[in-house]
Amino acid sequence: MKRFTSILVVLFCISHISIFGQSTSNIREITIDYNASVGKFNTMFKESVGAGRANEGLRADWQQQLAMVKKECDFKYIRMHGLLTDDMAVYKEDAKGNPEYNYQYIDALYDFLLSIKVKPFVELGFMPSALASGNQTIFWWRGNVTPPKDYKKWEDLIRNLTQHFTERYGVEEVKTWYFEVWNEPNLSPGFWTGTQQDYFKLYQHTAKAVKSVNSEYKVGGPATAGAAWVPETIAFCAENNVPIDFISTHSYGVKQGFLDEFGTTGTILNKDEFSVSEDVMNSRKQISESKIPNLELHYTEWSSSYTPADPFHDSYHSASYILQKLKQVGSAANSMSYWVFTDIFEEAGPRFTPFHGGFGLLNTQGIKKPAYFSYAFLNKLGETELKNSDKKSWATKAKDGSVQVLFWDFTNTLPDDINNQQYYIKDLPSKFKEKTKIEINGLAKGNYNLEVYKVGYKQNDVFTDYIAMNKPNQLTKEQVKTLKQKNNGEPFFKGKISIDAKGKFTKNFDVNENDVFLLVISKQ
């Protein structure tokens, strides 16, 4: 096996490698110097990822997929709904109304997560039916969304659960976790039948319970939809001496609505250049101007669309969209938890087709969607960021001497008179966008191997491949194998280049709309 002394990785969004002619007009230029660094590369993009609900995490295929995602994308935390719902068998009461606790299902799930070095971002919800004040539920799996009938019993449950975590996994481990109170309580009807004040009461009891076990455990909220309630939550905690360690909230990149598990409303990808990222910037501003200005900010859900029936999630357009938004956010958030890693996701019930616009980076069979490669490619970037003035790219280098440059094109091609559900289900060939020149200086003289990876139209573009199969409602084993092989992220080009004493690498590319490329140069 060859030992590489220097590796150059260039990740970017373009159509096909093409050295173009003498004309240099209208050329996008990205110029990098190996020796010009700006500090540690911010990897908030892989701090956390979402999953549908806790009970789904007991499935073998879910666990197999997460193990692969961990290996190739390296998410550090995972957040999911339904930890306390009845299908996790956590809580009941005896004939006299005395609480009975059971954590066997949670233990099985968390033991697995920690075995693959994924930590839980603990979402505390929904309400066990035996502790609920009402019978209102959400989703096919019936998460109870009512306040507790007895806040002391709720507080006791959270304290007992937190103590159980401490005994099973140790204080030092649990200190690294995050405890988030509920999910999207501002959506009523929806995820919470109470008022804002009812939520603050729930938060206060929950935070008290967690901190009673160990004052260094991290608790936060309000986990709202649409970046709501941030100033109000901080003010409540500051004025009432209630502990809070982080703010969490959510944002999605469509123009209207917050909750539609069936996708029947019709979503429209927001044409605002700074959708999602503007919410994050504003949340950070709200925190900095508050009485507790140094709180961590975690966007515990984000994606292009809030419905698991939006074909944009399956489209090749989603790969460059993800990169664009993460670049815009920069260091404003401590984490951006993409919602979700897999289409094993049953809010609307089990789905009847292999591609249905699900949230996942992977489909139900574990086939990689274009969005998957955004994170797989990002995970190849190095530890140190390099200077780079281009607004749609990153440049980094790693401890082993490797260099990486990430860049892309994102173009919102959605026509004005159509919605996502009508448009992104089509075969959508990409159009030429621009010529791009990559220049990297400061490389050592020598011979190098060149590899180019791509995501774009008909390249790691599984939904277009699925359309070409005439969109079968069920995939055969052979079809699954074919789609996995064709969408495996392997290089589509390999070659050799030489770097002379000047230490400069240059290459020119034609860029199509919404292309993503990863170029790897490895010194022999």
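Helix α2 (residues 104–115) contains 12 residues and reaches 16 Å from its first C-alpha to its last, close to the 16 Å expected at 1.5 Å a residue. The expected span is 1.5 Å times one less than the number of residues in the helix. Helices (H or I, at least four residues) and strands (E, at least two) are DSSP runs, numbered from the N terminus. The model is predicted: local features need pLDDT of at least 70 and side-chain atom pairs count only at pLDDT 80 or more, whereas totals for chains, interfaces and linings use all residues. Residues are numbered from 1 along each chain as its sequence is written, and side-chain values use heavy atoms, with hydrogens and water left out.

Within α2, the residues Ile106, Asp107, Leu109, Tyr110, Phe112 and Leu113 are buried (under 20% relative accessible area; exposed is over 50% and partly exposed in between, with a 1.4 Å probe and protein chains only). The cover over these buried residues includes α1 (60–73), β6 (77–81), β9 (119–124) and α3 (151–169), with contact taken as heavy atoms within 4.5 Å. Lys117, which follows α2, has a positive phi, near 65 degrees.

For helix α8 (residues 317–329), 13 residues at 1.5 Å each should span 18 Å, and the end C-alpha atoms are 19 Å apart, which agrees. Of the 13 residues of α8, 12 are buried, so the helix is largely enclosed by the rest of the structure. Among the buried residues of α8 are His317, Gln324, Lys325 and Gln328. Gly330 follows α8 and has a positive phi, near 60 degrees.

Aromatic contacts were then examined. Rings of Phe, Tyr and Trp (its six-membered ring) pair if their centres lie within 6.5 Å; planes under 30 degrees apart count as stacked, over 60 as edge-to-face and the rest as tilted. The count by this rule is 49 aromatic pairs. In one of them, the ring centres of Phe41 and Phe45 are 5.8 Å apart with planes at 50 degrees, so the pair is tilted. Phe41 is buried at a relative accessible area of 4%, and Phe45 is buried at 2%. The rings of Tyr252 and Phe359 are also tilted, because their centres are 6.4 Å apart and their planes at 40 degrees. Tyr252 lies in strand β14 (residues 246–252) and Phe359 in the loop between β16 (335–338) and α9 (370–378), so this pair ties together parts 107 residues apart in sequence. Both Tyr252 and Phe359 are buried. Ring pairs also link Phe126, Phe139, Trp141, Trp154, Trp182, Phe191 and Trp192 into a cluster.
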